[in-house]
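Reader: Please show me how to read the features of a structural model, taking one kind of feature at a time.

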Amino acid sequence: MHWRRARLLVRALRKRGELQPVADRTAAIRPGAILAFACLRNEAERLPHFLDHHRRLGVSQFLIVDNASTDATPRLLADAPDVSVWRSEASYRAARFGMDWLTWLLTRHGAGHWCLTLDADELLVFPRHDSLGLPALTAWLDARRIPMLAALMLELYAEGPLSSARCAPGADPLEALPLFDAEGYLWDRQRRYAGISIRGGVRRRAFFADAPDRAPHLHKTPLIRWRRGHVYVSSTHIALPRRLNAGFDARRDAPTGALLHSKFLDLALAKSAEDKVRCQHFTHPGRYGVYYDAILADPVLADARSVRFRDWRQLQALGLISGGAWAPMGAF
């Protein structure tokens with residue numbers, strides 16, 4: 001694991017040359033600031049709400065890689081005073097699905113900070129996020145020497161066909177995607193990386209019922225107190241050193257969160273058609289043609305297991321997130 005981590009850090013060092021600064025505002029980063037990192041492409045519709053949601057949580061600065069967007073994304077990023085942006089025309093897949101670029105930025109600017117690494121279609125929620133936010137949570141984690149927050153990626157979807165899930169630019173995507181699967185999640189110990197693997201939810205149910213082992217992983221560790229030498233191995237699903245993968249270990253009595261995933265807006269139809277051609281989003285993209293075809297068929301994802309999303313209290317009551325000692329059940 002030591003040598004794998006070293007190799008990934010060297011990759012990031014080499015890949016930094018693929019990043020061209022567009023608006024570098026990192027000089028404004030202050031000690032103790034909570035930082036957010038993302039790599040994205042053509043996310044003009046989701047981007048304003050993504051930024052505002054995480055500002056409300058307590059993010060001070062955003063460091064974003066724009067992978068050759070062709071919509072209004074570059075303008076939105078450049079105009080935001082709390083966003084630093086780099087552009088890359090290079091291959092997203094060849095950069096380890098953007099993680100080489102983000103690893104360089106995390107190493108260069110994130111060391112010593114709590115760093116939140118996300119996709120533009122993810123919104124972090126956790127117990128008491130709406131009242132206390134990230135500053136209080138990270139202070140609590142620091143006091144207990146817990147260097148991470150684990151989160152379940154929770155897929156949201158519409159009541160009708162996928163094409164019906166329209167969201168105005170800048171609006172909350174939950175207005176168009178009110179449903180989620182409340183059950184059907186499989187948790188397995190991941191011995192190699194000392195963590196928990198989670199699969200399930202609507203993507204496994206609707207798209208991978210015949211090949212469940214190919215369903216996307218839903219476990220992530222998006223929030224880490226970053227140190228030099230830390231690295232993500234596979235998106236934010238796995239990190240090194242291995243102790244960073246212990247966020248779902250109930251013995252720590254630590255909180256966990258959820259990443260509300262808005263993939264299944266109507267935008268997914270055009271994005272899936274593009275992704276099927278570009279082959280940038282899977283290690284073995286040839287295996288996922290059927291998956292893209294199923295999305296392009298404009299499916300109805302709701303069924304008898306669907307539940308309407310309310311808030312973090314609901315997710316905690318369902319056992320999908322945990323308050324641990326931070327927010328015990330029934331305390332709020």
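This is a predicted model: local features need pLDDT of at least 70, side-chain atom pairs count only at pLDDT 80 or more; totals for chains, interfaces and linings use all residues.

Reader: In what kind of contact do the side chains of aspartate 303 and arginine 305 meet?

Author: Their side chains form a salt bridge, with an N to O distance of 2.6 Å. Aspartate 311 and arginine 313 form another salt bridge, at 3.9 Å from N to O. Aspartate 311 has 26% relative accessibility and so counts as partly exposed; arginine 313 is likewise partly exposed, because its value is 38%.

Reader: Which residues do salt bridges with shared partners join into one network?

Author: The network consists of Asp181, Arg205, Asp303 and Arg305. By the distance rule, the count comes to 20 salt bridges.

Reader: Are lysine 220 and glutamate 122 buried or exposed?

Author: Both residues are buried. Their side chains meet in a salt bridge, 2.7 Å from N to O. Lysine 220 belongs to strand β11 (residues 219–225) and glutamate 122 to strand β6 (residues 122–125), so the pair ties together parts that lie 98 residues apart in sequence.

Reader: Which residues line the second largest cavity?

Author: The lining is made up of Arg46, His49, Phe50, Ala120, Asp121, Leu123, Pro173 and Ser262. The volume of this second largest cavity is about 40 Å³, and its lining has 4 nonpolar, 2 polar and 2 charged residues.

Reader: Let us turn to the rings. How many aromatic pairs are counted?

Author: The count comes to 10 aromatic pairs. Phenylalanine 50 and phenylalanine 62 make a tilted pair, with 6.5 Å from centre to centre and 55° between the planes. This pair links distant parts of the chain, 12 residues apart: phenylalanine 50 is in helix α2 (residues 47–57) and phenylalanine 62 in strand β3 (residues 61–66). Phenylalanine 50 counts as buried because its relative accessibility is 2%; phenylalanine 62, with a relative accessible area of 1%, is buried as well.

Tryptophan 140 and tryptophan 326 form an edge-to-face pair, at 6.0 Å from centre to centre and 65° between the planes. The angle decides the label, because planes over 60 degrees apart count as edge-to-face. Here the link spans 186 residues, from tryptophan 140 in helix α5 to tryptophan 326 in the segment after α9 (312–317). Both tryptophan 140 and tryptophan 326 are buried.

Reader: Which charged end sits over the ring of tryptophan 326?

Author: That of arginine 128, 4.6 Å from the ring centre. In a further case, arginine 16 lies over the face of tryptophan 104, 5.4 Å from the centre of the ring.

Conventions
Residues are numbered from 1 along each chain as its sequence is written. Side-chain values use heavy atoms; hydrogens and water are left out. A salt bridge is a side-chain nitrogen of Lys or Arg within 4 Å of a carboxyl oxygen of Asp or Glu. Helices (H or I, at least four residues) and strands (E, at least two) are DSSP runs, numbered from the N terminus. Buried means under 20% relative accessible area, exposed over 50%, partly exposed in between (1.4 Å probe, protein chains only). On a 1 Å grid over the protein atoms alone, a cavity is a set of points where a 1.4 Å probe fits but cannot get out, and a pocket is an open set with protein on both sides within 12 Å along at least five of seven lines; lining residues have an atom within 4 Å of a point. Grid points are joined across faces, edges and corners, and a volume is the space filled by probe spheres set on the points. Ala, Val, Leu, Ile, Met, Phe, Trp, Tyr, Cys and Pro count as nonpolar, Asp, Glu, Lys and Arg as charged, and the others, Gly among them, as polar. Rings of Phe, Tyr and Trp (its six-membered ring) pair if their centres lie within 6.5 Å; planes under 30 degrees apart count as stacked, over 60 as edge-to-face and the rest as tilted. A charge sits over a ring if NZ of Lys or CZ of Arg is within 6 Å of the ring centre and within 35 degrees of the ring normal.
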